[in-house]
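Here is a short report on a protein model.

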Amino acid sequence: MGKKDKTKKGKGAEKTQAKTVKNLSNKMKKTLKDLGEDDIESVLAQIEQEEKKRLRVVECHVEPPSRRVNFSFVSHPDKDQLILYGGEYFNGQTTSVYSELFFYNIPNNTWTLVKAPAGPPPRCGHQMVATSANKGQLWVFGGEFASPSQSQFYHYRDLWVYSISDKQWKKITASEGPSARSGHRMVLIKKQLLVFGGYHDNSMDYKYFNDVHSFDLETYKWRKIVPVGTPPAPRSGCCMVPLQDGRVLIYGGYSKEKVKKDVDKGHVYTDAFVLGLDKHDATNTKYKWQQVKLGSQHFSPRCSMPVVTAINGQSAYFYGGVFDIEKDEEDISGNFFNDFLQLDLDKMAWRQLELTGKKDLKSKRRRNKEDGSEEEVPDNGDSEPGAEQEQPIVVSDDGVFKVTMAPKVHCNVQSSGQNLAEKSTVFQPSPRMNCGLAIKQGILYLYGGMFEDGERELTFSDLYSIDVRKLDEWKTIIEDDSSKMEWLGSESESESEEEDDDSDSGSEVETD
């Protein structure tokens, strides 16, 4: 028998694939016509043209940013300010993607919106880092834009720099950069930006990445890094932390794979890797992957958990996250967290942070007894375990969303053989994913994020702070009022809600 002509078979496969793409393209055009939407690339080109028409910088004091998730939130490199850029909001029917740049003045508790000429188009799922070089810069890479109906997605591969002093955006035209993606991570290490991972979704197929790219802030050139050693599996939404010695820690993340047609299976990672220069390389340019174990306390798997590094580089702080529970192929529910975690970057050890609560030694309460009165001793922090936990607290309930949180408990105080326990609670922001974390002057700030209740999404616009040196209590700067959040939902959702009301059943999340 003769050999099979593999060339002809290959061409046949290419023709079939091209035909499939063409059919999908025609189907998409029909869908867009029905929705009244333009092609997404045309929309973005129009936005970019409008941005180029802006000739001057506009600054104005504004109310706090609207509800959003998947934004960037960093501390100003020099001033006592925080910076928020981009993000998205879904109201149940339409998606809004933003290109707004906000500056929050911490001492004055004021927000400023800056509209500078020729800025980037709207995006979410991007990355932004701040540097004090050249009187302050913001570097933004990648991300995605979704059409209002979420029928179209566009992933960016562009790199932008914003001059904080000049209030000017500039698009960097450098070749050989990473492919288009969102959900990636980017950190600043010794005058270079390191980009890792992410994913790309074109509505027909998706791909996750585990490649590494470096951008030199002095030469303005991209370089693809191919480390030796076993790399992390492709993933998005991981935690990427710069270490003091110039290495980078990668922890966790998320990816999914096709199980069969129209069925995907998600995977949440709990592994950790360190990327650093290969000590055996004399040129000092090659990198090496090394898998590491993070010790001490363990916590349940999760993804979409943000991280911020303390100014001294010795600790990293994490908050919240989510773990999807797949009941069957179509029914997926998210278990959301409000754990406050610290990672010692020297010992590579976890610690779950328990807040002490604000102590007020001047506050005393008396309780009367039949045989007289007894003065209750205030909690001085030298307490013994044993207090019973109170019932969960409803931290948000507007008739649409209900989020509950189990309270933290002060331990019992022993005095003169009597158990004079005084139970109280220490407030903690509600469970959420992809909130923003930033540290300035030893104070950690938490902004926004998102929580799911079945098919409904509660997007936050709240702001909190906590002193990471004292770890006493969270302070509320902006309180979230979920009753003001618009949620339109779908007809199927409304029918489901009516069924739930009839059966007197609800959905809520409880956390410890």
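The report below goes from the whole chain to single residues.

## Basis

This is a predicted model: local features need pLDDT of at least 70, side-chain atom pairs count only at pLDDT 80 or more, and totals for chains, interfaces and linings use all residues. Residues are numbered from 1 along each chain as its sequence is written, and side-chain values use heavy atoms, without hydrogens and water.

## Whole chain

The chain has three helices and 38 strands. These are DSSP runs numbered from the N terminus: helices are H or I of at least four residues, strands are E of at least two.

Of the 512 residues, 45% are buried (under 20% relative accessible area; exposed is over 50%, partly exposed in between; 1.4 Å probe, protein chains only).

## Aromatic rings

The model holds 30 aromatic pairs. Rings of Phe, Tyr and Trp (its six-membered ring) pair if their centres lie within 6.5 Å. One aromatic cluster is made of Phe71, Phe73, Phe102, Tyr104, Trp111 and Tyr447.

Two arginines lie over ring faces. Arg181 sits 4.1 Å from the ring centre of Phe209. Arg302 sits 3.9 Å from the ring centre of Phe337. The rule: NZ of Lys or CZ of Arg within 6 Å of the ring centre and within 35 degrees of the ring normal.

## His200

His200 lies in strand E15, residues 192–201. His200 counts as partly exposed because its relative accessibility is 26%.

Beyond neighbours within four places in sequence, His200 contacts His155, Ala180, Asp205, Tyr206, Lys207 and Phe209 (heavy atoms within 4.5 Å). Tyr156 is 44 residues away along the chain, with 9.4 Å between its C-alpha atom and that of His200.

Note on methods. Phe/Tyr/Trp six-rings, centres within 6.5 Å; stacked < 30°, edge-to-face > 60°.
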